[in-house]
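The sequence and structure are shown first.

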Amino acid sequence: MDIIVSVMSAALRLTTPIAFATLGSVVMELAGINALATEGIMLAGAFGAVMGSWYFTIPWMGVLCAVLFAVAVALLRSYLCIRHGANHTVSGIGLNMLLSGFSAMMLKIVWNMDGKSDVVNNLNPWSIPIIDKIPGLGDIVGRQNPLVYLALPALLLVWVLLYRTSVGLRLMTVGENPEVLTSLGLSVSKYRYLATAFGAALIGIGGAYLSIGQLSFFSQDMTSGRGYMALAACVFGRWNPAGAFAGALLFGFADSLQMHLQSSVKYTQFIQMIPYVLTILVLSSFVNKSVHAPAASGKPFEEQE
């Protein structure tokens, strides 16, 4: 029982950054912006969170800075794609590489350290009264980082935005058939920038959780492929927020399981591969003729002035 409780508690913690990144990726993909840059945007959020917490000494200011950093780099990439017709795949991979090198350089400039920042103030766990006293359940959900508790409301927010508002309908129309929006006199670029900003904000919060939620410092390339896992979760969930969130839970559970198994096997390297092997299996299993990304995702669209 203790093992199950430990694995489930860790699964919630490890799911959180992937879940936020997944929800942000879903919003961007549905609006026609390829989300291959999620890894770099998430890394920008993780770095921004540490910078904000270090400068202001307030962890929640770190979360705000994470959002601002993530939105800034995502909008820059979207500007290149929307305004100048840059290839979404190439620009996404390029942004991931750029943020990896840029964050390493900033570690040296700001803290004069290689590979790791100074320790900063992090987000303290929240306790839920009564529930935290219940054996088992209290250990799993009774005391967690505040961003863990915000993951489910974020899912509800994205679902309501996409399926219960006119803005969400227009965002999805931009991703499927942008000509329809143009025929109504609405700007395709405007809604793609809006989706980029909102999606990147969520991804940035996921990055913030890595650096000042789980830890209290930034380390080089600390996202460790979670951005790509988020993209795989989008495919797993067929670009539906609820399905993609379930995919994030699957990856979080796999990550928790591999961490728990490391103490009981000799060759831990094989165990550490579990989340990444699962990513490959998900992509190879679900990317087929019956599963399609939004029709206009990653494709250029010349808007009439």
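## Helices α2 and α3

The axes of helix α2 (residues 38-56) and helix α3 (residues 59-84) cross at roughly 140° and come within 6 Å of each other. Helices here are DSSP runs of H or I with at least four residues, numbered from the N terminus. Axes are lines fitted to C-alpha atoms over the stretch in contact, and angles run from 0 to 180 degrees between N-to-C directions. The crossing of α2 and α3 is right-handed (the near helix is turned clockwise from the far one by less than a right angle).

On the α2 side, the contact (heavy atoms within 4.5 Å) includes I41, A44, G45 and F47, and on the α3 side P59, M61, G62 and C65 are among the residues. The contact divides into 13 nonpolar, five polar and no charged residues. Ala, Val, Leu, Ile, Met, Phe, Trp, Tyr, Cys and Pro count as nonpolar, Asp, Glu, Lys and Arg as charged, and the others, Gly among them, as polar.

## Source of the model

The model is predicted: local features need pLDDT of at least 70, side-chain atom pairs count only at pLDDT 80 or more, and totals for chains, interfaces and linings use all residues. Residues are numbered from 1 along each chain as its sequence is written, and side-chain values use heavy atoms, leaving out hydrogens and water.

## Residue C65

C65 is found in helix α3. C65 is buried (under 20% relative accessible area), with a value of 11%. Leaving aside residues up to four places away in sequence, C65 touches G48, G52 and F56.

Key. Helix = DSSP H or I, 4+ residues; strand = E, 2+ residues; numbered from the N terminus. Buried < 20%, exposed > 50% of the residue type's maximum accessible area, 1.4 Å probe, protein only.
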